[in-house]
Amino acid sequence: MPNAHQAFDHWLSTLGPLRLALEGRVGWEFGALFAAQPWLAQSPRGDGHPVLVLPRFLGCDLSTQPLRDFLARLGYRAEPWGLGVNLGPRAGVMDACLERLEHLHATHGRRVSLIGWSLGGLYARELAKEAPEQVRLVITLGTPFAGDQSDPSELWRLQERMTGESIGLPLRHGPLDQAPPVPTTSILSRSDGIVHWTDSLEREGPITENILVESSHLGLAFNPLSLHAIADRLAQPEDAWRPFERTGARAWLYPALPRA
């Protein structure tokens, strides 16, 4: 059986050198976060409702700290997932996430917004299907729920090889590409070096949408364009959600999606 390093090397080989090279922007994006502070400070203020942030595969709460700090400055109760490193949907992980959601909902007496980065977005979508009455909205960042990834068997096999544990999401509420019954926004990048942008493409409808940014996959959680869009979405009044408006400068910063 391949060890974790061999499994990870195999996964990298499937991405291609050009796509991986695009991830080299992540350092620049982190620097841009600080340069963009005057602009980000003008983002709409929050109403104090809880926001649960779920990290990417092999990420942890430290990796989502910049995003949570930003949301806290806007007035939200930005909460970590509290489950250590995200090693995939192992046995008990989704149950633990559901307990976390239920605790935040009960503690604050308000519906919880869910933000999931990459694999964390799959958790967020399934949590919203499991307990829609407790979820205000869902935002995913470069999450592979559509296209070939709607049955991500290769992803699960990779994680099983790396962790030695049985892995998979309990699809009790339909396939992964089926949107939750709450307002759902997919933030995606055409130059994502890890997840192809079409695999994060939501079928747009009355409460579903896509927002296109140019970002690396590893930078999606702190790219200034992502953060501004997240703040705009979270500031939508509860039960009065409207799609993201691309007017004025936004029409340039957030271009319309091309054909897949």
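In what follows, a residue is called buried when its relative accessible area is under 20%, exposed when that area is over 50%, and partly exposed in between (1.4 Å probe, protein chains only). The structure is a predicted model, in which local features need pLDDT of at least 70 and side-chain atom pairs count only at pLDDT 80 or more, while totals for chains, interfaces and linings use all residues. Residues are numbered from 1 along each chain as its sequence is written, and side-chain values use heavy atoms, with hydrogens and water left out.

Helices (H or I, at least four residues) and strands (E, at least two) are DSSP runs numbered from the N terminus. Of the 12 residues of helix α7, 11 are buried, so this helix is largely enclosed by the rest of the structure; among them are Leu119, Tyr123, Arg125 and Lys129. Arginine 125, which lies in helix α7, is buried with a relative accessible area of 1%. Leaving aside neighbours within four places in sequence, arginine 125 is in contact (heavy atoms within 4.5 Å) with residues including Phe145, Asp177, Pro180 and Glu202.

A nonpolar core is taken as a set of buried Ala, Val, Leu, Ile, Met, Phe, Trp, Tyr and Cys residues joined through side-chain atoms within 4.5 Å. The largest such core has 30 residues, and Leu71, Ile115, Leu141, Ile187, Ile230 and Leu234 have the most contacts inside it. Its largest share, 6 residues, comes from α9. Isoleucine 230, neighbours within four places in sequence aside, is in contact with Leu67, Leu71, Ile115, Ile139, Leu141 and Ile187. A second, separate core of 26 residues includes Phe57, Leu101, Leu119 and Leu176.
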